[in-house]
Amino acid sequence: MWSLEVNHSKSVYSWFTLGRDILKEPVELRMDGKILEWDKKPKYLGVILDQKLTMCDHIQQVRETASEKLNIVKKLAGTKWGARADVLRGLYMGAVRSHLDYSLPVQVWASQTTLASLDAVQNQAIRLICGTFRTTPIAAGEIMANIPPLKLRRERAVILAHERYMRLEDGCPLRSLVDNWEGRRRLHNRPCFMHVARGLVREANLPVERAALSPSGSIFPMEAIGMPTIRKSLLDPVVTRQSHHTRLLQAARETIASYPAGVTTIYTDGSVQTLEGTVKAGYGR
C-alpha cells in the first residue's frame with residue numbers, strides 16, 4: 001500500500017553529514033543496475049538540501065524570489081500617492097508571502113541569523129503597506145497591517161504538521177517515524193523539526209489522545225483510478241427539449257438527485273441563482 005515506484009532518471013544521491021572530511025569525490029552507487037548521479041545540493045519538492053542541512057541555500061533562494069515579487073508592491077506604494085493599504089496588503093499576501101510560507105516546517109532547521117533575512121523582507125513590506133518610517137517598531141506595523149510575524153507562522157506550521165502526522169493510521173511509515181523518534185540533536189544551537197514540535201506541543205498543552213484522520217477517499221496509493229461515469233441524458237427518456245418547461249425542470253432535478261452523495265455539480269448554462277437574484281454560472285453540492 002505504501003510502496004513507491006522509483007524513477008531512476010530523476011534519482012540522485014548525496015551525503016548529509018556534519019563531519020569536516022566530507023567526501024568530495026563521487027562514488028559509484030547503483031540502483032537496479034543503473035548508476036546514480038551525485039548531487040551536492042539536491043532539490044526535493046522545491047527545497048534545496050545542503051550537505052549539513054543548514055538550509056542556507058534554500059532560504060537564500062526564497063529570499064531572492066520574495067524580494068523580486070516585492071518590487072510589485074514598491075511600484076504601487078507611496079506616502080502621498082499610490083494604492084490603498086488594503087490593496088498593497090493583498091498584493092503582499094498573494095505575491096510575496098506565498099513564497100515565504102512555502103516549506104515553513106523545514107525552515108526551523110535554519111539558524112536565527114539565516115531566518116532573519118526572510119523577516120527583513122516582510123518588515124520592508126509592512127513599512128510599504130503602512131507608510132511608516134524605518135524607526136517605527138515592526139510590532140506596531142504588524143498590528144496595523146494585520147500581518148503576524150513569520151516566527152509565529154513557522155511555529156503554527158510545525159504544530160499542524162506534527163499533529164497531522166500523529167493522526168495518521170497505524171502502520172504508516174511517517175507515523176512510525178514520529179512515534180519512534182529519539183531525542184538526539186545534531187547541534188545544540190540548531191534543533192531539528194521534532195525538537196521544535198515536541199516543545200510547542202508541550203507549551204500548547206495539546207491532547208494526548210488524538211482522533212484519527214478520516215480518509216479522503218477509498219483510493220489508496222499505487223491504485224489505478226477509473227474513469228468517471230458522466231450522464232449526458234435525463235433519466236426519463238420521454239422528456240425532451242420540446243417538453244413543457246415544468247416537466248423538463250422536474251426531470252432535470254430527478255436526474256441530479258440520482259447522482260452519488262458528495263459529488264460536486266457544476267452548472268455552466270447560467271442556471272445558478274445567487275442570493276441577490278442574479279443568474280450566473282457556478283457550482284453547488
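User: Why is Val-27 called partly exposed?

Analyst: This is a predicted model, and the label comes from a computed area. Val-27 has a relative accessible area of 33%. Buried means under 20% and exposed means over 50%. The value for Val-27 falls in between, so Val-27 is partly exposed.

User: What makes Asp-86 and Arg-84 a salt bridge?

Analyst: The closest N and O atoms of Asp-86 and Arg-84 are 3.2 Å apart. The cut-off is within 4 Å. The pair therefore counts as a salt bridge.

User: Why is Arg-84 called exposed, and why is Asp-86 called partly exposed?

Analyst: Arg-84 has 57% relative accessibility. Exposed means over 50%, so Arg-84 counts as exposed. Asp-86 has 47% relative accessibility. That value lies between the 20% and 50% limits, so Asp-86 counts as partly exposed.

User: How do you know that Asp-119 forms a salt bridge with Arg-154, and what parts does the pair tie together?

Analyst: The closest N and O atoms of Asp-119 and Arg-154 are 3.3 Å apart. The limit is 4 Å, so the pair qualifies as a salt bridge. Asp-119 lies in helix 3 and Arg-154 in helix 5 (residues 150-166), so the pair ties together parts that are 35 residues apart in sequence.

User: Is Glu-163 buried or exposed, and what partner does Glu-163 have?

Analyst: Glu-163 has a relative accessible area of 10%. That is under 20%, so Glu-163 is buried. Its salt-bridge partner is Arg-167, with the closest N and O atoms 2.5 Å apart. Arg-167 is partly exposed, with a relative accessible area of 21%. Elsewhere, salt bridges that share partners join Arg-97, Asp-101 and Arg-153 into one network. A search of the whole structure finds ten salt bridges.

User: How do you know that the buried residues of helix 4 lie on the same side?

Analyst: Gly-141, Glu-142 and Ala-145 are buried in helix 4 (residues 138-145). They cover an arc of only 105 degrees around the axis, which puts them on the same side of helix 4. An α-helix has 3.6 residues a turn, so residues three or four places apart point the same way.

User: What do these buried residues pack against, and which residues are exposed on the other side of helix 4?

Analyst: The buried residues of helix 4 pack against helix 2 (85-100) and helix 3 (112-130). Ile-143 and Met-144 are exposed on the other side of helix 4. Just after helix 4, Asn-146 takes a positive phi of about 55 degrees.

User: How many helices and strands does the chain have, and what share of its residues counts as buried?

Analyst: The chain has eight helices and eight strands. Of its 285 residues, 26% count as buried. The accessible surface comes to about 20400 Å², and 56% of that belongs to carbon and sulfur atoms.

Key: Residues numbered from 1 in each chain as written. Predicted model: local features only at pLDDT ≥ 70, side-chain atom pairs only at ≥ 80, totals over all residues. Heavy atoms only, no water. Buried < 20%, exposed > 50% of the residue type's maximum accessible area, 1.4 Å probe, protein only. Helix = DSSP H or I, 4+ residues; strand = E, 2+ residues; numbered from the N terminus. Arc of directions from axis to C-beta. Contact = heavy atoms within 4.5 Å. Areas by Shrake-Rupley, 256 points an atom, 1.4 Å probe, with all protein chains shown as cover. Salt bridge = Lys/Arg side-chain N within 4 Å of Asp/Glu carboxyl O.
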